[in-house]
Amino acid sequence: MGSSTSTISVLLFLGLVHFAVSGHDYKQALSKSILFFEAQRSGHLPPNQRVSWRSHSGLNDGKSIGVDLVGGYYDAGDNVKFGLPMAFTVTTMCWSIIEYGGQLASNGELGNAIDAIKWGTDYFIKAHPEPNVLYGEVGDGKSDHYCWQRPEEMTTDRRAYKLDRNNPGSDLAGETAAAMAAASIVFRRSDPSYSAELLRHAHELFEFADKYRGKYDSSITVAQKYYGSVSGYNDELLWAAAWLYQATNDRYYLDYLGKNGDSMGGTGWSMREFGWDVKYAGVQTLVAKILMQGKAGEHTAVFERYQEKAEQFMCSMLGKSTKNIQKTPGGLIFRQRWNNMQFVTSASFLAAVYSDYLSSSKRNLRCSQGNISPSKLLDFSKSQVDYILGDNPRGTSYMVGYGHNYPRQVHHRGSSIVSFKVDQKFVTCRGGYATWYSRKASDPNVLTGALVGGPDAYDNFADNRDNYEQTEPTTYNNAPLLGVLARLISGPTDFDQRLPGVSPTPSPVIIKPAPIPKRKPTTPPAPASSPSPITISQKMTRSWINEGNVYYRYSTKLTNRSTKRLKNLKISITKLYGPIWGVTKTGNSYGFPSWMKYLPAGKSMEFVYIHSAAPANVLVSNYSLE
């Protein structure tokens, strides 16, 4: 026993020495990890599709029930569109862009990452045709797993499964609300109209999730075996509220987090994982950010309890807590045998962003074993990513196509069967297993960028197609990795997340009229867009000089283009630095003036504001038509 242990120790030491001195091309890994999402696309593939061995698929999804459900993503190596992991994938991709969009842009990948998000959100818009209806799955795991076919010619059942008032799913609706809210932040500048549309869906989905409560797998029972909601729906409700607050600054969602943190487990659960099912660690990290920004207000005590749990999670990853996360002998965190890598990338992402939050607020991580420098969290993230990319006892890269020693027999239908573009000979349901699944050779199509399930608790790995626990990739393995890789490209220097980041609103100024100068705003006024049936337009009507400063008067016109009365209006206005007239402020939102109860069909209302800046950001965050 002693001799064997010594031999293993020496081998591990040699492996550790190897990866202590090695370096990785994070930019290349980032590009490949984003490319993987194009291999997972369902629907009509666009002309700029880069994964050339894929073709159109799932073109009749939803047709039998009269709903267009074409598009979206296949979650893993099968051909089912599972709503819960797909929504979590989009949320975490958005979070990666929100935190590290600058790094993605400087490395030429921001556009590709945004395209990957939009492929998901376009589908979610289709899947949410009514406020209280959400289609949560297309296809089912049982019939799909019985066959081994390319997605372009699958013959399996493509039934669509939905949630509604009588068949609720607060976890799935909540996660989809989070995805839409986070995506609205991503598109806010590049496509404000689309951003507003996403935000409207986010509001409706959150209300649906919160009002009609229940676990989605009790309504869509075919999902139980594959993506069962073990944690319930309280974490998703808090998660969605946190993202809606990030997207709107609406106090309603801040209060929701404050008033429900204790009862819904946000302040009580100390987690050892973060993933498509259990969101508490993510919620706790986001709420800690709000606290460090100085926005908690009356909820400070509750938010401090969220933060305490967030920091317990961080400390457990560093081995500095009373209960630490298990690691393999080679240093990889380990939660479970089946697709353990999902927890590695999500934990690494949380550690990276929290490291930056702490650095930006000039504080240390508080662990039971003492205060820890934020840089240790980033070091941890780097160690996990380096392990993934090949710095491990086996010298294996667990990202397909990165390095030289990566998995060649991936558990993935499209990758393992000859491309439909190369050979259109029909692959039968069971024939695919006989001809392609059992084939002991490298995949004919390289699934570039895919992050497979990874090694076991002892760093062992078998590159076999039937070893689905270790060789199957998933979209939610890759999604948080985007942010970690983007962050690591920047190196170990402190990264300013603009905390506390509370922009002071100047007191209203008394403005004396002056001759209109030739000087114009540095940013030309542009219409503020919002989804049909409501339009918003802005224009500068006057300018003044007061004590050397130029002030502008903006007129904003909101029009109800529907055939119904517009009621319950909520307007989100950001980057406003002066007085406003013609609307009533409630919390962080604005609504009709006190004398107006509704806006008739075809009519408009106007409000004005004055400040010394470009036009404020004006978006409709909520409304009803009656």
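Glu 472 lies in the loop that joins α18 (468-471) to α19 (475-489), where helices (H or I, at least four residues) and strands (E, at least two) are DSSP runs numbered from the N terminus. The model is a predicted one, in which local features need pLDDT of at least 70, side-chain atom pairs count only at pLDDT 80 or more, and totals for chains, interfaces and linings use all residues. Residues are numbered from 1 along each chain as its sequence is written, and side-chain values use heavy atoms, with hydrogens and water left out.

With a relative accessibility of 12%, Glu 472 counts as buried; buried means under 20% relative accessible area, exposed over 50%, and partly exposed in between (1.4 Å probe, protein chains only). Apart from neighbours within four places in sequence, Glu 472 is in contact with Ala 76, Gly 77, Asp 78, Trp 338, His 411, Leu 451, Val 452 and Gly 453, a contact being heavy atoms within 4.5 Å.

In the unreviewed UniProt entry, "active site" covers His 411, Asp 463 and Glu 472; UniProt positions are given in the numbering used here, feature names are shortened, and annotations may be inferred rather than shown by experiment. The three residues span 62 residues in sequence, yet no two of their C-alpha atoms are more than 10.2 Å apart, so they gather at one spot. From this set, His 411 and Glu 472 belong to the lining of the second largest pocket. On a 1 Å grid over the protein atoms alone, a pocket is an open set of points with protein on both sides within 12 Å along at least five of seven lines, a cavity is a set of points where a 1.4 Å probe fits but cannot get out, and lining residues have an atom within 4 Å of a point.

His 411 itself sits in the loop between α15 (374-388) and α16 (413-416) and, at 8% relative accessibility, counts as buried. Beyond residues up to four places away in sequence, His 411 touches Gly 77, Trp 148, Tyr 437, Arg 465, Tyr 468, Thr 471, Glu 472 and Pro 473. The side chain of His 411 also reaches the backbone oxygen of Arg 465 at 2.7 Å, a polar contact being a pair of N or O atoms within 3.5 Å; within protein, one must be able to donate a hydrogen and the other to accept it, and residues adjacent in sequence count only if both atoms are side-chain atoms.

At 1.5 Å a residue, its 15 residues should span 21 Å, and the end C-alpha atoms of α15 are 22 Å apart, which agrees; the expected span is 1.5 Å times one less than the number of residues. Among the buried residues of α15 are Leu 377, Phe 380, Gln 384 and Tyr 387. The buried residues of α15 pack against α2 (26-39), α13 (300-318), α14 (341-360), β4 (365-367), β5 (370-372) and α19. After α15 comes Gly 390, with a positive phi near 135 degrees.

Helix α13 holds Glu 311, which is buried with a relative accessible area of 3%. The side chain of Glu 311 makes a polar contact with that of Arg 366 at 3.2 Å. Not counting residues up to four places away, Glu 311 touches Tyr 354, Leu 358, Arg 363, Leu 365 and Arg 366.

Elsewhere, three strands make an open sheet in the order β1-β2-β3, with antiparallel pairing; two strands pair if DSSP finds at least two bridges between them. The edge strands are β1 and β3, each pairing on one side only. Two bridges connect β1 (81-82) with β2: Lys 81 stands opposite Val 138, and Phe 82 has Glu 137 as bridge partner. Four bridges connect β2 with β3 (residues 160-163), including the one that links Leu 134 to Leu 163. Five of the five residues of β2 are buried, so β2 is largely enclosed by the rest of the structure.

Helix α4 (residues 110-127) has buried residues that pack against several elements, including β1 and β2 (134-138). Its 18 residues reach 26 Å from first C-alpha to last, close to the 26 Å expected.

Overall, the protein chain has 19 helices and 13 strands, and 60% of its 626 residues count as buried.
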